[in-house]
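Welcome! Have a look at the structure, then try each task before reading on.

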Amino acid sequence: MRRPAHLPTVIVVTTIHVLAVTFLAVGHAAGAIPVALAGFAYTRGLLHALDADHLCMIDGSTRKLLGEHRDANGVGLAFSLGHSTVVLVAGLAVALGASWIRTALDPDSTAAAVLGLTGAVVSSLYLLAVAAANVPNLTHRHHELDGPRGPWARLLTRPLRHVRHAGHIYLFGVLFGLGFDTASTISLLMVTALATMSGASPLVLMALPLSFTAAMTLGDSVNANLMLHVYTTATRAARARFNTVVTAVSISCAVLVATGTALEVYGEATGRAVAELDTAPVGWGLVVMAVACTAGIAVWRRRHPEGHDDVPTAPAGPVTRAA
């Protein structure tokens, strides 16, 4: 029997949850970590996974890989693990009382400014690049997912030509998380810092960053699998039109979030007042779209059982592409 494509993601996410529960049990038994505190860290992780930049990045990357006939399984997990690497390292540094993490979290420090600028610039440029890479997919008239063709398509996809599988998304997850600039991450690190006052072992206190990581990897993985299902499951006759509409929404959201981030970077770099763009509705909108599309596809298949066909969620093997 062929192993389900998403099984590795399930195993990794489950393992992280088991680790978080184990560390929490030890910390709670030692009187260092109340369950409510770990619950707070977990909810912060779930909310962080719903940030617009997470959703747009995972959505756009999934569509980009599928458009090139590459395996898009694991995009959400890879991005989340990269982001979690920053959270776990920072959480351990807080628990150990490292001086550099205090500097990195100080909004007035040079280190914080550099890290925040790096994360913001990388995220905005990546979202713009992946939006551009997905533009050729809007013009397809094929029933199957197809790769970009022609000089215009090659020009748009060139900036991300080295992003060829989900594992490459891990690095971008790390870079996206360098700024420590989201309320969820900062809240978690503050909670970890407060927990250190109990005198518990720093290793035990890692239950908090692990709880955050468990929730974020779960949220990002569910989002990635939803979008993968949306892009690859439809009737043969309707798939081209369906994917065109969803891809157009994906591109628009990525550009909007990238623009908001770019405005923040410009304002911080120049000291000028710029219009604030609230991207939270974009994130929630993408979630609603993914759930609605998934439900719509299920209803359509139930009402038209004779009109659908089986579509694999990933290519059967590696695809050889011309240089």
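**Exercise 1. Decide how helix 3 and helix 11 are oriented to each other, and find the residues that join them.**

Solution. Helix 3 and helix 11 are oblique to each other. Let us see how that follows in this predicted model.

- Step 1: Find the two elements. Helix 3 covers residues 52-67 and helix 11 covers residues 207-232.
- Step 2: Look at the geometry. Their axes come within 9 Å and cross at roughly 40°.
- Step 3: Apply the cut-offs. Angles under 35 degrees count as roughly parallel, and 65 to 115 as roughly perpendicular.
- Step 4: Helix 3 and helix 11 cross in a right-handed way.
- Step 5: Pick out the contact. On the helix 3 side, the residues include His 54, Leu 55 and Ile 58. On the helix 11 side, Met 216, Asp 220 and Asn 223 are among them.

**Exercise 2. Describe how helix 3 packs against helix 6.**

Solution. 

- Step 1: Take the angle and distance. The two helices pack at about 35°, and their axes are 9 Å apart.
- Step 2: The crossing of helix 3 and helix 6 is left-handed, whereas that of helix 3 and helix 11 is right-handed.
- Step 3: List some partners. Helix 3 contributes residues including Asp 53, Cys 56, Met 57 and Gly 60. Helix 6 meets them with Tyr 126, Leu 127, Val 130, Ala 133 and Asn 134.

**Exercise 3. Work out how many disulfides the structure holds, and check Cys 56 and Cys 253.**

Solution. 

- Step 1: State the count. There are zero disulfides.
- Step 2: Check Cys 56. The nearest cysteine sulfur to that of Cys 56 belongs to Cys 253, 5.2 Å away.
- Step 3: Compare with the cut-off. A disulfide needs two cysteine sulfur atoms within 2.5 Å.
- Step 4: Look at the surroundings. Cys 56 counts as buried at 2% relative accessibility, and Cys 253 is buried too, at 13%.

**Exercise 4. Trace the ring pairs that involve Phe 176, and say how each pair is arranged.**

Solution. 

- Step 1: Begin with the total. The structure holds three aromatic pairs.
- Step 2: Take Phe 79 with Phe 176. Their ring centres are 5.2 Å apart and their planes stand at 90°, so this pair is edge-to-face.
- Step 3: Phe 79 lies in helix 4 (residues 75-96) and Phe 176 in helix 8 (residues 169-176), so the pair ties together parts 97 residues apart in sequence.
- Step 4: Take Tyr 126 with Phe 176. Here the centres are 6.3 Å apart and the planes are at 80°, so this pair is edge-to-face as well.
- Step 5: Tyr 126 belongs to helix 6 (residues 110-134), so its pair with Phe 176 links parts 50 residues apart in sequence.
- Step 6: Check burial. Phe 79 has a relative accessible area of 0% and Phe 176 one of 6%. Tyr 126 is also buried.
- Step 7: Join the pairs. Phe 79, Tyr 126, Phe 172 and Phe 176 are linked by ring pairs into a cluster.

**Exercise 5. Locate Thr 9 and name the residues it touches.**

Solution. 

- Step 1: Find its element. Thr 9 sits in helix 1 (residues 7-29).
- Step 2: Is Thr 9 buried or exposed? With a relative accessible area of 11%, Thr 9 is buried.
- Step 3: Name the neighbours. Leaving out residues up to four places away in sequence, Thr 9 touches Gly 74, Leu 77 and Ser 221.

Conventions. Residues numbered from 1 in each chain as written. Predicted model: local features only at pLDDT ≥ 70, side-chain atom pairs only at ≥ 80, totals over all residues. Heavy atoms only, no water. Buried < 20%, exposed > 50% of the residue type's maximum accessible area, 1.4 Å probe, protein only. Helix = DSSP H or I, 4+ residues; strand = E, 2+ residues; numbered from the N terminus. Contact = heavy atoms within 4.5 Å. Phe/Tyr/Trp six-rings, centres within 6.5 Å; stacked < 30°, edge-to-face > 60°. Axes fitted to C-alpha atoms, helices over the stretch in contact; angles between N-to-C directions. Parallel < 35°, antiparallel > 145°, perpendicular 65-115°, else oblique. Left-handed = near helix turned anticlockwise from the far one by under 90°.
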